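Please read it beside the sequence and the model shown here.

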Amino acid sequence: MSVTPSRIPVPARTVHRFVEVGQVEVFYRESLPERPDAPVVLLLHGFPSASHQFRRLMDSLGRHYRLIAPDYPGFGHTRVPDGFVYSFDRLADVVERFTERLALTRFAMYLFDFGAPVGFRLALRRPDRVAGLIVQNGNAYAEGLSDAAREFTALTPDTPGAEQAVLDLFTLDSTRAQYELGTTDPEMIAPEGWLLDQHFLDLPGRKDAQRALAYDYKSNIAAYPDWQAWLRKHRPPALITWGSRDPFFPEPGARAYLADLPDAELHLFDTGHFALEDHLPDIAPLIADFLNRTWA
C-alpha cells in the first residue's frame with residue numbers, strides 16, 4: 001500500500017542558537033510554528049541530559065507550538081565563564097534571564113527531573129508568566145523520593161564514601177542505566193541519547209559542575225513545601241505524564257501532585273525515568289490536547 005506525500009507527517013523546522021545571558025552563552029533549540037500566536041512551551045531538561053532530549057518531541061509538535069529548550073550551565077552546548085558557581089539557584093537565575101532575553105512573557109513549562117527545581121524556582125519568581133505545567137518525572141514531594149534517592153541526596157562532602165558515590169553517577173554505565181532501568185522494551189531506547197550525554201559529562205570541568213549540583217540537590221527537597229504552597233495558591237493547569245517504574249522518582253511522586261492540584265490530569269506509563277524515549281507516541285498527543293484546551 002502506497003502513501004500519498006500529502007498524508008506523510010511533516011516534522012517541524014527547528015533552529016539552534018546561542019544567546020548571551022550575562023557572561024553565559026546559552027545554547028537553545030526553538031521550533032518555528034506555522035502560526036505566530038502559537039502556544040509557547042519552555043522545555044526544561046534533566047540530568048544528565050540537555051536540550052537534545054527533546055528533539056523528537058520538537059519534531060512532532062513544533063509545527064503547532066513554539067517549543068523552546070535551553071541547555072543549563074554545565075550541560076550540553078552552553079558555555080560559562082571561568083569561576084561560574086553551580087547551584088540550582090544559579091541555574092534558575094540563568095533560565096529566568098534567558099526567558100527575558102527572548103521576551104517570553106507567558107509560557108507553559110515542561111518539568112523533567114532537574115527541570116522541576118529550575119522551573120519551580122522560576123514559577124515562584126514569575127507566577128504571572130506560567131500558563132500551565134507539564135510534569136514528567138519531575139519531583140516536588142517527599143513521597144516521590146525512592147530510598148536510593150533519599151540516601152544519595154543526603155550525601156555531603158564530609159560523608160564517608162560520598163565522593164566516590166557521586167563520581168560513580170557520571171560513568172557511561174550509570175548514564176545508560178538511567179535511560180534503560182524501568183523500561184519494558186530497552187530496544188525502544190536509542191543509544192545516541194546516553195552516548196551524547198556522556199560526551200558532555202566528559203568535557204573539561206563538567207564533572208565538577210555536576211558534583212556541585214549533586215551536593216546542592218538537598219536544597220530542592222527543603223523547598224518542596226514552598227513549591228507545594230505555590231501550586232495550591234495558583235492552581236495552574238497541569239498535565240502529569242510519569243514513568244511509573246522510575247527507580248529514582250517512583251509513582252507516588254506523580255500521585256502526590258493531586259493533593260495540591262486535584263484537577264490535574266495524571267497519566268502513568270509502564271516505563272522508567274526517560275519516558276519520552278519509548279512513549280513519545282503516547283505522550284505527544286496528550287501534550288497537544290492539553291495545550292489546545294488550556295492555553296487560551
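A search of the whole structure finds one cavity of 30 Å³ or more, where a cavity is a set of points on a 1 Å grid over the protein atoms alone at which a 1.4 Å probe fits but cannot get out. This is a predicted model, in which local features need pLDDT of at least 70 and side-chain atom pairs count only at pLDDT 80 or more, whereas totals for chains, interfaces and linings use all residues. Residues are numbered from 1 along each chain as its sequence is written, and side-chain values use heavy atoms, with hydrogens and water left out.

**Cavity**

- The largest cavity has a volume of about 40 Å³, a volume being the space filled by probe spheres set on grid points that are joined across faces, edges and corners.
- Its lining, meaning residues with an atom within 4 Å of a point, consists of F47, P48, S49, G74, F75, G76, D197, F200, L201, R206 and Q210.
- Two elements, α7 and α8, each give two or more residues to the lining of this largest cavity, and the largest share, three residues, comes from α7; helices (H or I, at least four residues) and strands (E, at least two) are DSSP runs numbered from the N terminus.
- By class, the lining of the largest cavity has five nonpolar, four polar and two charged residues, with Ala, Val, Leu, Ile, Met, Phe, Trp, Tyr, Cys and Pro counted as nonpolar, Asp, Glu, Lys and Arg as charged, and the others, Gly among them, as polar.

**Pockets**

- The largest pocket holds about 450 Å³ of space, a pocket being an open set of points with protein on both sides within 12 Å along at least five of seven lines.
- Of the 21 residues that line the largest pocket, F47, F152, L169, Q178 and F248 lie nearest its centre, and the elements giving two or more residues to this lining are α4 (147-153), α6 (172-180) and α8 (206-216).
- The lining of the largest pocket divides into 14 nonpolar, five polar and two charged residues.
- The second largest pocket holds about 180 Å³ of space, and its lining includes H52, Q53, R55, R56, Y179, E192 and E277.
- Elements that give two or more residues to the lining of the second largest pocket are α1 (55-61), α7 (191-201) and α11 (275-294), and by class this lining has five nonpolar, three polar and four charged residues.

**Overall fold**

- The protein contains eleven helices and eight strands, and its C-alpha trace spans about 60 × 45 × 40 Å along the principal axes.
- Buried residues make up 55% of the 296 residues, where buried means under 20% relative accessible area (1.4 Å probe, protein chains only).
- Among contacts (heavy atoms within 4.5 Å) between residues at least 6 apart in sequence, 75% join residues at least 24 apart.

**Helix packing**

- Helix α3 is mostly covered, with nine of its eleven residues buried; among them are G115, P117, V118, F120, R121 and L122.
- The buried residues of α3 pack against β3, α2 (88-101), β5, β6, α9 (218-234) and α10 (252-260).
- A214 lies in helix α8 and counts as buried because its relative accessibility is 10%.
- Leaving aside residues up to four places away in sequence, A214 touches F152 and V166, and its C-alpha atom is separated by 9.8 Å from that of F88, 126 residues apart along the chain.

**Backbone geometry**

- The peptide bond from F47 to P48 is cis, with omega near 0 degrees, and P48 lies in the loop between β3 (40-44) and α1.
- D113, found in the loop between β5 (107-111) and α3 (115-125), has a positive phi of about 50 degrees although it is not a glycine, and at 5% relative accessibility D113 counts as buried.
- N137, found in the loop between β6 (130-135) and α4, has a positive phi of about 50 degrees although it is not a glycine, and at 0% relative accessibility N137 counts as buried.

Definitions and conventions: Buried < 20%, exposed > 50% of the residue type's maximum accessible area, 1.4 Å probe, protein only.
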